[in-house]
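Subject: Structure handover

Hello,

Here is the structure for you to look through. Please open it first, then read the notes below it.

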Amino acid sequence: MTRTTGSARRAVAANVRSVSYASSPLLASKTPPWRSQFVVALIGLGSCLLAGRAVYIQIVGTDFYQREGEKRYVHTLTLPGSRGRIVDRHGQLLATSVEAPSVWAIPRDFDASAAQRRQLAKALGMGAADLERRLADNPKFVWLRRQVDEGVAEQIKALDLKGVHQTREYKRRYPEGEAAAHVVGFADVEQRGQEGVELAFESQLRARNGSRDVVKDRLGRVVEDVRDQIDPVHGKDVTLAIDAKVQAFAYQKVRDAVAEHKARAGSAVVLDAKTGEVLALANYPSYNPADRRRLSGEQLRNRALTDTFEPGSTMKPFIAAWALETGRARSNTPVQTAPGWISITGSTIRDHQSHGVLTLAEVIQKSSNVGTVKLAMQMPAREMWELYADLGLGQKPQIDFPGAVTGRLRPYKTWRPIEQATMSYGYGLSASLLQLARAYTVFAHDGELLPVTMLRREQPAQGVRVISPETARQVRHMLELAAGPGGTAPLAQTVGWSVGGKTGTARKQEGKGYASNKYRAWFVGLAPIGEPRIVVAVMIDEPSNGKFYGGAVAAPVFSQVVQQTLRALGVPPDRDVAPQILARDLPAVAESF
């Protein structure tokens, strides 16, 4: 059996070896050379294409494919920068940034029952319909509510809704609230300054966000960093000249005066008489910078800078000063004001009452229109215009703050005699309260007009000479008389410090004329008289509770603000207490306007 099998195998092998390939027609036919060459060419071309594609992917287009790949597994995390702080001259916070949660959603992933949707809308402080509209805005991403309170964030987190997420952002806080709103202003939800110092110093306060590229797993957890982290650049702090205590007190007293006299609005400006720094700038009505949902234009207006008005009798001391400076008069020069009126080219200018003969000092003390006009009409129109221009009137204040206005001072060549006469007591020109306060630095700083600033200034400012130091001292004495017994504003007196200033009362313009029952009342003054430390200007708009004179409405606010400010600055008293208390009970002389 074994022998037979082996023989069979040898026979098969012999037959295989004896097969002739030429006997097969298929195998015997000759293959054309081009066919093998074509196949080889195809293989070579395919290899070249594959090699070229590999070169393109690995070398030429590597950045594109890496980006496309990273889109699928690499995420960029924003590292928010903190906006710079705003602080007062003592470092007290006026504006700062704190972390706050923001709620967002991916609408296409959002899944919640009707009850859960109602709970979410309630937590977000919106109606259910508003929530649905917001979710329908964009299927990929939508903000539900930014910068919410921690309590709200916890409520939403407890709902555990699919497609609803939270992130941390910076939110602006304003510790002084309404009191400093018109100084600090506010920033929007994107941390961009919109008003006040927030807008004026945007380039300094603004932060630059950083970033971090990471790989996340399917659960959203960070697995690794892809490249180096870019750190955020925080904004720089801004230190203001404002004193937060003086600012708060000035705001409170203006607010109280507006309420007491049923006025439309009020403002106060406090300047450092040595440096020109703005220690306080208060307005009422005001607003809460952190809650602007029902903000009105009346609340937003920074009246001390944006509103202009005819300054009225507050201009009279400048006419007296120029009469002294040019030698036209001395403090004791008599001026005849009888019979209490004067006619200029057919128009009559009157005093509140006839005062007879007054000295130059008494013209200011009694606020005589007639006496002031007689002094002013001795001056060429150009000379008087140059004086007002040197005081900064008709010019935009050079201050780093938005909204400061120019006011109005017409060219002297267009003045008629009656216009020159009325401009001497503050009608026919206009200025803001800040411009008026700055003009009075001429008297406070021994004849020099100081530049004003919202930023803290370490060194005394270099002013521009307008009048001589001796003239400034003489006018300060006149202002002291005006604010004392027999003057128009004894209610400006303070306990312990000497003060001086000038009242102003003017009818408000309506159309081409003046309203018969609408007034602005103000008082501008300085203290202490011997060596002034501050200039304070107060304006009350449309008092309507029976009093409207500056001496009765604005002077008491001046008194309170001066006393608090000098105490805060550590200025020692220069007067006995008792005489000042008695002076407050004396009647004021009615001013002319």
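Strand 5 gives the largest share of the lining of the second largest pocket, three residues. This is a predicted model. By class, the lining has nine nonpolar, three polar and ten charged residues.

Now the largest pocket. Its volume is about 880 Å³. Two elements give two or more residues to its lining: strand 3 (93–105) and strand 5 (164–173). Strand 5 has the largest share here, with six residues. In total, 27 residues line the pocket. Thr78, Trp143, Thr167, Arg168 and Glu169 lie nearest its centre. The classes are eight nonpolar, nine polar and ten charged residues.

**The cavity**

The structure has one cavity of 30 Å³ or more. The space in this largest cavity is about 30 Å³. Its lining is made of Leu94, Tyr174, Glu176, Gly177, Ala180, Ala181, Val184 and Pro289. Six of these residues are nonpolar, one is polar and one is charged.

**A nonpolar patch**

Look at the surface next. Val55, Tyr56, Ile59, Val60, Phe64 and Tyr65 form a nonpolar patch there. Together they have about 560 Å² of accessible area. Helix 3 (33–60) and helix 4 (62–73) each give two or more residues to the patch. Helix 3 has the largest share, four residues.

Val60 sits in helix 3. Why does Val60 count as exposed? Its relative accessible area is 59%, and exposed means over 50%.

Compare another valine. Val215 is in strand 8 (residues 210–216). Its relative accessibility is 13%, so Val215 counts as buried, the cut-off being under 20%. Val215 and Thr76 are 139 residues apart along the chain. Their C-alpha atoms are separated by 8.8 Å.

**Salt bridges**

Side chains of opposite charge can pair when their charged atoms come close. How many salt bridges does the structure hold? There are 33 salt bridges.

One of them joins Asp272 and Arg533, with the closest N and O atoms 2.6 Å apart. This pair links distant parts of the chain, 261 residues apart. Asp272 is in strand 11 (residues 265–272). Arg533 is in the loop between strand 20 (513–527) and strand 21 (534–541). Asp272 is buried, at 3% relative accessible area. Arg533 is partly exposed, at 22%.

Another salt bridge joins the side chains of Asp446 and Arg476, at 3.0 Å from N to O. These two also link distant parts of the chain, 30 residues apart. Asp446 lies in the loop between helix 20 (441–444) and strand 17 (448–449). Arg476 lies in helix 21 (residues 469–482). Is Asp446 partly exposed or buried? Asp446 is partly exposed, with a relative accessible area of 29%. Arg476 is buried, at 4%.

Asp307 and Arg301 meet in a salt bridge too, at 2.4 Å from N to O. Asp307 is buried, with 10% relative accessibility. Arg301 is partly exposed, with 28% relative accessible area. Both residues belong to a network of salt bridges.

Best wishes

Key
Residues are numbered from 1 along each chain as its sequence is written. This is a predicted model: local features need pLDDT of at least 70, side-chain atom pairs count only at pLDDT 80 or more; totals for chains, interfaces and linings use all residues. Side-chain values use heavy atoms; hydrogens and water are left out. On a 1 Å grid over the protein atoms alone, a cavity is a set of points where a 1.4 Å probe fits but cannot get out, and a pocket is an open set with protein on both sides within 12 Å along at least five of seven lines; lining residues have an atom within 4 Å of a point. Grid points are joined across faces, edges and corners, and a volume is the space filled by probe spheres set on the points. Ala, Val, Leu, Ile, Met, Phe, Trp, Tyr, Cys and Pro count as nonpolar, Asp, Glu, Lys and Arg as charged, and the others, Gly among them, as polar. Patches are made of residues with over 30% relative accessible area and no salt bridge: like charges are joined within 9 Å, nonpolar side chains (Val, Leu, Ile, Met, Phe, Trp, Tyr) within 5 Å. Accessible areas come from the Shrake-Rupley method with a 1.4 Å probe; for residues, only the protein chains shown count as cover. A salt bridge is a side-chain nitrogen of Lys or Arg within 4 Å of a carboxyl oxygen of Asp or Glu. Buried means under 20% relative accessible area, exposed over 50%, partly exposed in between (1.4 Å probe, protein chains only).
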